[in-house]
Protein chains: 2
Amino acid sequence: MMQKLAERIEKTAPIVVGLDPMLSYIPEDVRAIGYAMCGKTQDGAAEAILMFNKAIIDAVADLVPAVKPQIAMYEQFGVPGVRAFYETVEYAHKKGLLVIGDVKRGDIGSTSAAYAAGHLGSVSIDGEITPGFNEDFATVNPYLGSDGVRPFLEVCKKEDKGIFILVKTSNPSSGEFQDQLVGGRPLYELVGEKVEEWGSEVMDGEYSNVGAVIGATYPEMGKRLREMMPHTFFLIPGYGAQGGKGEDLKAFFHEGGKGAIVNSSRGIIAAWQKDPYSALGPGRFDLAARRAVKDMREDLLSHVR
Amino acid sequence: MMQKLAERIEKTAPIVVGLDPMLSYIPEDVRAIGYAMCGKTQDGAAEAILMFNKAIIDAVADLVPAVKPQIAMYEQFGVPGVRAFYETVEYAHKKGLLVIGDVKRGDIGSTSAAYAAGHLGSVSIDGEITPGFNEDFATVNPYLGSDGVRPFLEVCKKEDKGIFILVKTSNPSSGEFQDQLVGGRPLYELVGEKVEEWGSEVMDGEYSNVGAVIGATYPEMGKRLREMMPHTFFLIPGYGAQGGKGEDLKAFFHEGGKGAIVNSSRGIIAAWQKDPYSALGPGRFDLAARRAVKDMREDLLSHVR
């Protein structure tokens with residue numbers, strides 16, 4: 001699956017659009033349609049989110065290889081929210097996009113196996129093989145160690161899917177535990193080393209199906225990890241709203257802009273709320289997202305390819 | 001909320017029943033009813049799970065303070081599975097039980113805020129305050145540091161809810177990262193120290209609303225953490241099927257059997273599959289669970305109270 005992602009990036013751009021639809025990012029008119037259908041309820045919110053996501057997907061599908069829905073933004077609306085997540089994945093697939101489920105799951109072995117089946121694989125319901133949410137990639141939290149990761153590797157092998165393991169996250173306090181020195185070097189490097197090791201079991205072309213999440217906000221660390229992890233594809237959050245800039249990202253990539261993909265969520269899906277895109281008006285939030293992707297593409301490619 | 005849990009434990013036992021219903025734990029007859037309603041589909045599986053859970057809850061509601069559904073086991077059945085999770089929480093509440101949502105969420109600040117709202121709090125849908133899954137407690141992964149935890153603390157304060165943060169997990173490879181020495185002591189101790197610190201902001205009686213997950217399988221570490229974390233309530237997985245025994249657990253408790261609660265999942269809900277309970281037959285899986293709780297109570301209390 002990582003090879004498929006790399007090929008799609010080659011044809012488009014190393015950009016994944018984060019579908020993290022806070023209600024405040026959705027224009028009033030779109031929310032109103034959801035509420036007209038189902039009231040100001042979880043169902044109404046879910047309808048509005050799905051409508052919004054579909055318009056964004058339509059607007060960017062030819063420009064990017066993938067979208068990354070953040071499941072927290074859906075779970076907060078209960079079961080209807082989770083249904084909107086599922087339908088978003090389905091719609092993105094229908095439009096030819098790959099889907100990175102940003103779910104940050106991870107648990108003890110048997111439980112991780114259920115997450116892996118639910119998000120990337122399938123379960124047998126007394127013999128009926130039934131896929132779950134059917135993402136192409138999922139993000140995984142490494143705190144529980146190898147036996148929490150291994151079930152994901154098994155599903156990656158069996159179904160040609162991929163995962164991105166949290167190594168160095170983009171948030172301000174990510175260093176609190178991740179940067180702690182272990183035998184003279186930071187914990188995230190140890191995790192990074194394990195990611196390379198796990199990945200060696202699931203190679204898919206130049207890279208393995210086990211990627212790493214490395215925050216755009218820590219370019220020096222990104223550079224070091226890029227050197228340490230030659231076979232690992234990077235998923236880079238933190239561009240734009242969180243402070244990461246294109247010029248900082250060169251070191252996260254291999255020569256020719258390979259080996260990494262950069263996420264932007266708010267900067268694209270809520271582009272309509274800020275200059276220069278706001279001139280288009282809230283009714284053209286989809287066009288604003290499209291322009292924001294093009295501008296991001298230009299910023300990124302001028303530095304990384 | 002932690003005080004409420006402590007009071008309920010006082011009246012019953014320091015046991016939480018893990019509702020992790022693998023299909024293989026559910027007697028064939030119960031599964032057949034689900035399939036008769038909706039086929040061998042996610043909906044059919046979800047019906048079977050919910051029926052099974054309700055019978056278990058009915059059988060143990062007067063013996064324990066709480067249940068702990070593991071959301072992975074529901075997510076693997078897609079949206080219908082997640083609905084069964086929601087309905088399990090609701091049913092447990094109706095029967096007077098507290099609910100620990102074993103969700104192990106954790107992300108950057110704004111995303112953790114959505115998880116906290118979705119699992120413990122509520123969201124505003126253009127002014128309509130709407131609770132999400134409405135658990136009383138949720139488990140939280142600390143890998144992202146303080147700003148991933150803080151949104152949960154805010155909800156704990158505002159809504160009198162609680163969390164249990166992963167400190168030292170019960171699985172075999174938990175030491176891979178958690179035991180790494182940081183300044184001469186293991187990372188999990190550093191996390192434990194932060195848990196005490198976060199908890200100091202959200203005290204609720206003798207303990208704080210910020211608990212810790214400490215695996216029964218590591219009694220020496222449990223003892224040390226018990227000393228280090230005087231205001232932290234412990235949630236202890238790993239009893240029974242994973243190898244933890246009552247005699248090992250004394251050190252996790254304060255004097256008089258206070259300050260901790262022990263989870264058992266398979267050992268209770270699938271008790272009907274093993275001796276001596278299997279003599280009851282699969283039709284009395286609920287009675288088998290009840291007897292298993294009583295036996296666990298006897299084992300635990302003889303050592304910890």
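Helices (H or I, at least four residues) and strands (E, at least two) are DSSP runs, numbered from the N terminus. The model is predicted: local features need pLDDT of at least 70, side-chain atom pairs count only at pLDDT 80 or more, and totals for chains, interfaces and linings use all residues. Residues are numbered from 1 along each chain as its sequence is written, and chains are lettered from A and ligands numbered from 1 in the order in which they are written.

Next, colour by burial. A residue is buried if 20 or more other C-beta atoms, placed from the backbone, lie within 10 Å of its own; 61% of the 305 residues of chain A qualify.

Now show both chains. Residues are in contact if their C-beta atoms, placed from the backbone, lie within 7 Å. The contact between the chains takes 60 residues from chain A and 61 residues from chain B. On the chain A side, select residues 109-119: this is helix α6, which gives the most, with six residues.

Finally, select Ala289(A). Among the residues it touches, leaving out those up to four places away in sequence, are Ile56(A), Ala59(A), Val60(A) and Ile268(A).

Definitions and conventions
Two residues are in contact if their C-beta atoms, placed from the backbone, lie within 7 Å. A residue is buried if 20 or more other C-beta atoms lie within 10 Å of its own, exposed if 12 or fewer, and partly exposed in between; C-beta atoms are placed from the backbone.
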